[in-house]
Amino acid sequence: MAPNHPAGYDTASEIPAAPGTLVAMKRLWTPAWIARHVALVVLVSVFLGLGWWQLSRAADGNSISWGYAVEWPIFAGFVVFVWWREVRHALRPPADAAEEAPAAAGTRAADAPAADATRPVVRRPVRAARVTAPADAGGDADLAAYNHYLQWLNDNPGAKPGDYPG
Amino acid sequence: MGAALTRYRVIAWIVGVALILLVVIGMPMKYGFDNPILVETVGQAHGFLYMVYLLAAFDLSRRAGWPLKRMVLVMLAGTVPFVSFYAERRVSGWVTAEQTERTPEPVAG
């Protein structure tokens, strides 16, 4: 049921749970995620504090502290990096939609045994048969190469672009 | 995956050995016999090697699809003397077990 919107409210412009919207951001506000955000802030401030401490020691003449003064900010940066990766991972749209097409192709290409029919098909395209497309007789070499690539993609539905031999 | 595991195992051993050198030999030498040479050299190197360890562990965890908790535990295990070797054994066990479980099948052709 649609919520009560005032007249003239543009529901079409509302994208539910799309990445970058506030709805998607709510996924980052669960207890587990709040713990991660807190861990981020604590770790980064502790690491930067330790770096500052080593920097002050280095300034006092403890020359070996210069190395540690460099290391701690890098560790702090790494924490931010891992946190950012996790955030990006969580905000990715659910994999169901993307998974559907390869799964369908998998059942179509390799007819699964009856026992496997009850199991969800999780097949990854590894290496597809290489069907060579006929070379284009046109004058533009780049266009011919691109057409060849498109032809190859069409001939190998399960293949990844990285597997293109040409 | 195999290469990522090898990278992780190599750096895990290097960091584990450096850490033991530091804790078992270096720190008694510095605080007991007032000879900080090992702490200054190995300690410094260990910090930078541990960064490589973190990267290798991160890379392996992403390829193996571990949850965040396991990744963080593996990273932390590299900081505990002797435990790092045990962790390396456990990680190798997980990864090789998973690899035999899910061997991908060719889709077309």
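1. What share of the contacts in chain A between residues at least 6 apart in sequence join residues at least 24 apart? For chain A that share is 49%.

2. A word on confidence, then. The predictor gives the complex an ipTM of 0.73, along with a pTM of 0.58. Chain A has a mean pLDDT of 72, with 58% of its residues at 70 or more. For chain B the mean pLDDT is 79, and 83% of its residues reach 70 or more.

3. Where in chain A should you be careful? Helix H4 of chain A, residues 95–109, is where confidence is lowest in that chain, at a mean of 47. Over residues 97–116 of chain A, pLDDT stays under 50, and the model has 19 contacts beyond four places in sequence for that stretch. Where pLDDT is low, the predicted coordinates should not be read in detail. At the other end of the scale in chain A is H2(A), with the highest confidence, at a mean of 88.

4. Of its 166 residues, 8% are buried.

5. Now have a look at how H2(A) sits against H3(A). Helix H2 (residues 31–59) and helix H3 (residues 65–91) of chain A pack at an angle of about 165°, and their axes are 7 Å apart. Angles over 145 degrees count as roughly antiparallel, which is why H2(A) is described as roughly antiparallel to H3(A). Their crossing is left-handed.

6. Which residues meet there? On the H2(A) side they include Leu40(A), Leu43(A), Val44(A), Phe47(A), Gly51(A) and Arg57(A). On the H3(A) side, among them are Trp66(A), Tyr68(A), Trp72(A), Pro73(A), Phe75(A), Trp83(A) and Glu86(A).

7. Over to chain B, which has 4 helices and 0 strands, running α-α-α-α from the N terminus on. Buried residues account for 27% of the 109 residues in chain B. Confidence in chain B is lowest in H4(B), at a mean of 79, and highest in H3(B), at 83.

8. The largest nonpolar core has 20 residues, and those with the most contacts inside it are Tyr8(B), Ile11(B), Val15(B), Tyr53(B), Ala56(B) and Ala57(B). Helices H1 (2–33), H2 (37–64), H3 (68–77) and H4 (83–101) of chain B each supply at least two residues of this core. H2(B) gives the largest share of the core, 8 residues. As background, nonpolar side chains in soluble globular proteins tend to be buried together.

9. Leaving out residues up to four places away in sequence, Ala57(B) touches Tyr8(B), Met71(B), Val74(B) and Met75(B).

10. Last stop: is Arg7(B) buried or partly exposed? This residue is in helix H1 of chain B. With 17 other C-beta atoms within 10 Å, Arg7(B) is partly exposed, because a residue counts as buried at 20 or more and as exposed at 12 or fewer. Its C-alpha atom is separated by 6.4 Å from that of Ala56(B), although Arg7(B) and Ala56(B) are 49 residues apart along the chain. Ala56(B) has already come up, as one of the core residues with the most contacts.

Methods
Residues are numbered from 1 along each chain as its sequence is written. Chains are lettered from A and ligands numbered from 1 in the order in which they are written. This is a predicted model: local features need pLDDT of at least 70, side-chain atom pairs count only at pLDDT 80 or more; totals for chains, interfaces and linings use all residues. A nonpolar core is a set of buried Ala, Val, Leu, Ile, Met, Phe, Trp, Tyr and Cys residues joined through C-beta atoms within 7 Å. Two residues are in contact if their C-beta atoms, placed from the backbone, lie within 7 Å. pLDDT is the predictor's confidence in each residue, from 0 to 100. Axes are lines fitted to C-alpha atoms, for helices over the stretch in contact, and angles run from 0 to 180 degrees between N-to-C directions. Angles under 35 degrees count as roughly parallel, over 145 as roughly antiparallel, 65 to 115 as roughly perpendicular and the rest as oblique. A crossing is left-handed if the near helix is turned anticlockwise from the far one by less than a right angle, and right-handed if clockwise.
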